[in-house]
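Have the structure open as you read.

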Amino acid sequence: MSNFATGAPPDAAPVPHRDTEEPAFPAAADRSQWRYRPRRAFWRSRLVRAITLVTLLALCALVILALVREQTGTQGFLVGLGLAVLPVPLLLSAFRWLDRVEPGPWKNMLFAFAWGAFAAALVAILANSFAVRWIATATADPDSADTLGATLVAPVVEESAKAAAILLLFLFRRRDFGGLVDGVVVAGFTATGFAFTENILYLGNAFGEDQEFGSSGIGSVTAATFFVRAVMSPFAHPLFTVLTGIGFGFAALAPRGKRLRRVLLPLAGLLLAMGLHSAWNGSATFGGPLVFYAVYGALMVPAFGLLTWLAVWSRQRELRTISGVLPAYAAAGWLAPAEPLALSSMRARQVARSFAARTYGPSAARAVGEYESFATTLAFLRDRALRGTAGPDFPAREQELLHHLWQRREVASPALTYAARATGLAWAPPQYLDYDGYNPYRS
C-alpha cells in the first residue's frame, strides 16, 4: 500500500531510482494524454505576441491617418488616398516578382508594408515635426529650420524608422531571411508602405492648395505633385531603403562567427540610404528645378539601374545555387537526374505545374508546386551549410525537407522530368525509345 493511501505525508514516498544511463518510463502515458505540459510565460505565447503586434500597428494606423486627415482635410485626404494607392500594386508586384524563386511568407511582407505605412510614418511625422520646431526655436529662423529638417533630419529619422522593420524580420524570422533578394524585397515592401502614407499627405495638401486658389486640370498642383511622386519617382523611397536591405542581405550571408560583419554591413547600408535620401531632398530644397532634374538624371536613375541589375543578378544567382547544389541529392537517389535542371528554371517550373494540372488535375499541380518549394528550400539550406551559416539543426531540417519531397515525388518527379525535356534543358529520347514520362506528341 502506498504512503498516500495510509495517510503518510507525500515526502515519505520513495523517489524512483535510476538504474541505467537511459531510464525507461514504461508507465508513462501517450503524449496525447499528457495532463502536465510545459508552460510558457504568458508574454511569450505566439498568439499573444501576434495580437500585440497587430494591435500596435492598428493603433499606429489610426493615429497617423488621423494626423494626415487633420492636415489635409477630409476631402483632401480622400483624394490623396485615391491617388496614392495607384503606384502601390505595381511596386509590390515588382518586388514580389524578384522573390519568385523562394517566396517569403506573405505575413512577413504584410508586416513590412504595414510597418512602413503606419509605424515608420508615425515616427517620422512626429520626430520630424519635433526636430523642426526645436531648430526653429534654437535658431529663430523657421525657413532654415524647414530646410535643415528636410535635408538632414528627415533622411536620418525616416530611414532609421524603415530599417526597424528589416531588423525585426532579420532577428525574429531568420529562416525566411537568407540573402540579398530577401533583404531587397523586405526593404521594398517597407518603403512602399511608407511612400504610400507620405503620398497621401503630399497629394492631399496639394489638393487643398488647388481648392484654395481655384486651380484644376493638368496645370494644378495636385497633377504636378502626382507626376513627380507617382510617375517620375515612385521608386525613390524603395531605392533608399533597398540599400539598407542589401546590407542586411550581405549580413545574412556572412558566416556565424563573423559577428562584427553582421553589424557593420547593415549599418553601412543604412548610412548609404541616409546619404542618398539626403542628396535627393537637398536637390529639391536648395537648387531649384534644374538641380533637381540633374540629380535625378545623374544620380537617381543610374542608382536605380544598378540596384535593379543587382536584384535580378541575385535572383539568377539563386537559380544557379539550385542547379549547383541539388545534383548531389540526385546522385544520392532522392531526385531524378533531370529534376535539378527543371528546378533551376522558372519556365520549366511553370511547365511542370501545367503538365501536372492538365494530366492529373489541380491537386497534382499543387503537389508539384509544394515539391518545388521544398526542393528550393533544401538547396538554400545546404548552400548555407556549405558556407557555415545553417546552424546546428541542419540535419533535422534536411531530413524533414527530404521527407516532404519523398511524399510528393510520385507526381512531381515525372512532371519535372517532362518539363526539363520539353524546355530543352535535358536530353529527350527519340520517339522510338522509352519516353520515361515524356511524350512530345501528347495532346
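In this predicted model, the charged end of Arg409 sits over the ring of Trp406, 4.2 Å from the ring centre. "Over" here means that NZ of Lys or CZ of Arg is within 6 Å of the ring centre and within 35 degrees of the ring normal.

Now for rings meeting rings. Rings of Phe, Tyr and Trp (its six-membered ring) pair if their centres lie within 6.5 Å; planes under 30 degrees apart are stacked, over 60 edge-to-face, and the rest tilted. By this rule there are 12 aromatic pairs, including these two:

| Pair | Centre distance | Plane angle | Type |
|---|---|---|---|
| Phe170 and Phe177 | 5.4 Å | 85 degrees | edge-to-face |
| Trp334 and Trp406 | 5.7 Å | 85 degrees | edge-to-face |

The tryptophan pair links distant parts of the chain, 72 residues apart: Trp334 lies in the loop between α10 (327–331) and α11 (339–343), and Trp406 in helix α14 (residues 394–422). Helices are DSSP runs (H or I, at least four residues) numbered from the N terminus.

Phe170, at 8%, is buried, and so is Phe177, at 2%. Trp334 is partly exposed at 30%, and Trp406 is partly exposed at 46%.

Finally, ring pairs join Trp280, Phe292, Tyr293 and Tyr296 into a cluster.

Residues are numbered from 1 along each chain as its sequence is written. Local features need pLDDT of at least 70, side-chain atom pairs count only at pLDDT 80 or more, totals for chains, interfaces and linings use all residues, and side-chain values use heavy atoms, leaving out hydrogens and water.

Key:
Buried means under 20% relative accessible area, exposed over 50%, partly exposed in between (1.4 Å probe, protein chains only). Helices (H or I, at least four residues) and strands (E, at least two) are DSSP runs, numbered from the N terminus.
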